[in-house]
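Please keep the view open as you read, and take the points one at a time.

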Amino acid sequence: MPGLAISSEHGQLTGEGLEGFYRAGRRLLSRCQLRVAGREPLAVQARMLSADRARFVATLRPSGDSGPDPVVVVERTRDADGSERITLRSAANRVLRVPVEVSLATDLAELGAVALGAPGGELPASVHGSGMRWSSAAGQAVVTSEPPPDDALASAGLLRWEVDLPPGGSRSIELRVRQDGAAALRPVGRGVPFAGARATGDDPRVRGLLDTCVGDLRALLLRDPRHPSDVHAAAGAPWRCGLAPAEALAAARMALPLGTRLAVGTLRTLARTQVTGSGPSAGRLPGPLRDAGPHLPPSCTGIEATLLFPALLAEARCWGLSEHETEELVPIAERCLQWLRRAVGDGVYLPDPYPGGPHRCETQAHAHRAALLGAEVLEAHGRPGAADWRQWAGELRAAFREDFWIEDRAGGRPAAARAPDGRPVPHLGSGAAHLLDTGLVGGGALAAGLLDRVQTGQLARLLGGPAMDSGWGLRSLGVKEAGHNPFGHRGGAVRVHETAVAVAGLAAAGYEKEANSLLKGVLSAAEAFGQRLPEMYAGAQRTEGGAPLPHPAACRPAATAAAAGVQLLTTLAGIRPDAPARTVALCPVSSAPLGEIEFTGLSVAGGPFSVRISRLGLAMIEEAVDGLQLGG
């Protein structure tokens with residue numbers, strides 16, 4: 001980010017659909033078609049090399065050669081920063097002279113217009129130095145080449161070279177596209193690596209999944225342009241290449257085992273957006289409405305972000321965020337909590353959207369966690385109000401267990417929401433998984449949850465049952481619920497983020513069978529997606545020999561999905577640090593569902609952390625910062 005390249009598997013950019021090179025949401029190049037010796041090479045392989053680089057391999061048999069064997073290999077290495085290297089390799093025993101042509105075009109359209117199928121026509125090109133240039137009211141784009149072409153035809157957008165390939169030799173042409181007048185693109189992730197996290201073990205899939213998730217997170221990083229030291233994750237490509245507050249905070253929270261830099265950058269960036277003044281919105285983090293499925297009106301991502309802020313700050317402190325950096329952000333967390341107090345008013349529940357919206361189950365879970373974890377931060381930094389927030393959280397727990405639990409013959413279930421008039425909305429969806437995500441407090445302990453022990457056990461059985469567990473992960477709406485649609489992004493599709501929340505919560509509560517089933521389902525889905533998890537995919541039931549169905553509107557990569565992959569795997573180790581106390585507790589999944597697994601290059605208390613889980617489910621620290629003690 002902010003560069004993006006979208007290609008078909010054959011490697012040619014034809015201008016069809018979304019294909020092209022983009023920067024900051026604008027398509028700088030829509031067509032880049034290669035012809036060698038007058039025809040298109042035959043595509044044989046397309047492969048991702050990393051989150052921001054792909055390689056396309058094709059072959060060619062020059063005219064006059066007999067036999068079926070290709071003589072020339074054409075390799076195109078495409079980078080999301082706007083560069084492409086075309087390499088021709090010859091296996092002939094004589095010099096080959098081959099004409100190479102690249103046909104270029106662009107419409108300089110915004111991604112949204114391209115997605116709607118209305119990008120506008122191709123713009124006229126002009127020869128510019130060693131390449132081509134296009135101009136419109138939206139800006140200018142330039143393609144340069146090295147070496148310069150032997151011929152350039154502006155009317156066709158054509159660059160042409162006569163290439164001599166020596167026996168067994170190779171020649172390369174490099175193309176680079178940029179906005180005219182813009183600085184060269186320097187992706188944030190290449191200069192701001194996460195910890196060198198690695199996973200190895202009995203299950204060979206874990207290494208590839210963690211490597212890919214970390215690479216996707218790194219590639220999605222953006223800088224705050226006014227404060228370039230602060231980084232956050234874009235929501236995902238290709239649809240949401242900018243900041244989405246709730247998703248950015250959720251991704252940073254799930255990625256805490258990789259270090260706290262993403263967390264503090266995200267917190268600082270969003271702190272600068274907090275509503276100031278004394279009005280009813282003061283203290284809230286802005287955010288748009290989003291669809292909430294077939295049974296509820298749209299929810300407010302700003303409310304979710306406002307409640308995630310104090311929770312992420314508190315947990316980042318546990319993982320190793322310095323007291324100085326924490327202190328800087330405590331006033332922002334305080335104002336988030338002050339907004340929560342005003343929004344709740346004399347009642348106990350938080351409406352979403354505020355005011356006048358329903359009381360959603362997951363919103364109460366976010367509010368409860370914000371109160372308890374916020375109290376930890378306030379108390380640690382000598383601020384008033386910690387006891388009051390713990391008292392309010394206790395009142396919310398007591399009321400929730402009575403008002404939100406719907407008894408039935410099957411053992412009951414939590415309501416998805418309560419309407420403003422108090423009527424329960426009974427439908428079971430993945431939002432209920434947030435009831436298990438209680439948050440990390442001091443001493444390696446987990447905060448209290450909104451459900452009691454019996455209710456937690458019943459919810460675990462529901463989440464692990466066939467109505468919710470698709471075999472590929474957790475459905476966003478149970479298959480037996482009215483309005484279920486396996487492609488509904490909050491109406492039946494598998495959302496990787498909420499599946500990871502469910503796995504971590506179920507494991508922490510001791511329901512390993514249900515957690516393991518969901519974990520293994522996502523690992524199988526990741527394998528089908530080449531280890532690059534999309535934010536969601538269809539919740540159709542898994543069948544023998546089947547594969548998960550991609551969702552056409554899903555971002556892939558997506559920040560929450562990449563970070564969820566990190567959380568899914570590190571849940572197996574159950575790492576619960578308390579960096580201020582210089583302790584770390586380990587609560588591994590005792591059934592060791594993936595056999596032995598070792599994590600290296602994680603980060604706890606500002607230093608490297610490595611841990612191994614045996615086939616017996618026992619955890620052993622292999623590396624830790626000096627002075628860190630085993631606790632819990």
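This is a predicted model: local features need pLDDT of at least 70, side-chain atom pairs count only at pLDDT 80 or more; totals for chains, interfaces and linings use all residues.

**A colleague's note**

1. Helix α3 gives the most to its lining, with six residues. You can find α3 at residues 205-219, and it is one of several elements that each supply at least two lining residues. The others are the strands β1 (3-6), β6 (42-50), β7 (53-60) and β8 (72-79), together with helix α2 (188-191).

2. The volume of this largest pocket is about 1,500 Å³. Its lining counts 49 residues, and those closest to the centre are Met-48, Ala-51, Arg-532, Arg-556 and Pro-557. What is the make-up of the lining by class? There are 27 nonpolar residues, 13 charged ones and nine polar ones.

3. Arg-556 and Pro-557 are joined by a cis peptide bond, with omega at about 10 degrees. Look for Pro-557 in the loop that runs between β28 (536-537) and α13 (559-570). Both Arg-556 and Pro-557 are also among the residues closest to the centre of the largest pocket.

4. A cis peptide bond also links Glu-146 to Pro-147, and here omega is about 0 degrees. Pro-147 sits in the loop between β13 (139-146) and β14 (151-153). As background for this point and the next, most peptide bonds are trans, and most residues other than glycine have a negative phi.

5. Ala-24 is not a glycine, yet its phi is positive, at about 50 degrees. Its place is the loop between β3 (20-23) and β4 (26-29). Is Ala-24 exposed or buried? Ala-24 counts as exposed because its relative accessibility is 63%, and the cut-off for exposed is over 50%.

6. Arg-582 also has a positive phi without being a glycine, in this case about 60 degrees. The loop that holds Arg-582 lies between β29 (575-578) and β30 (583-586). With a relative accessibility of 31%, Arg-582 counts as partly exposed, since that class covers values between 20% and 50%.

7. Which residues make the nonpolar patch of about 310 Å²? They are Leu-616, Leu-618 and Met-620. Met-620 belongs to strand β33, which spans residues 619-623. Its relative accessible area is 31%, so Met-620 is partly exposed.

Definitions and conventions. Residues are numbered from 1 along each chain as its sequence is written. Side-chain values use heavy atoms; hydrogens and water are left out. On a 1 Å grid over the protein atoms alone, a cavity is a set of points where a 1.4 Å probe fits but cannot get out, and a pocket is an open set with protein on both sides within 12 Å along at least five of seven lines; lining residues have an atom within 4 Å of a point. Grid points are joined across faces, edges and corners, and a volume is the space filled by probe spheres set on the points. Helices (H or I, at least four residues) and strands (E, at least two) are DSSP runs, numbered from the N terminus. Ala, Val, Leu, Ile, Met, Phe, Trp, Tyr, Cys and Pro count as nonpolar, Asp, Glu, Lys and Arg as charged, and the others, Gly among them, as polar. Buried means under 20% relative accessible area, exposed over 50%, partly exposed in between (1.4 Å probe, protein chains only). Patches are made of residues with over 30% relative accessible area and no salt bridge: like charges are joined within 9 Å, nonpolar side chains (Val, Leu, Ile, Met, Phe, Trp, Tyr) within 5 Å. Accessible areas come from the Shrake-Rupley method with a 1.4 Å probe; for residues, only the protein chains shown count as cover. A salt bridge is a side-chain nitrogen of Lys or Arg within 4 Å of a carboxyl oxygen of Asp or Glu.
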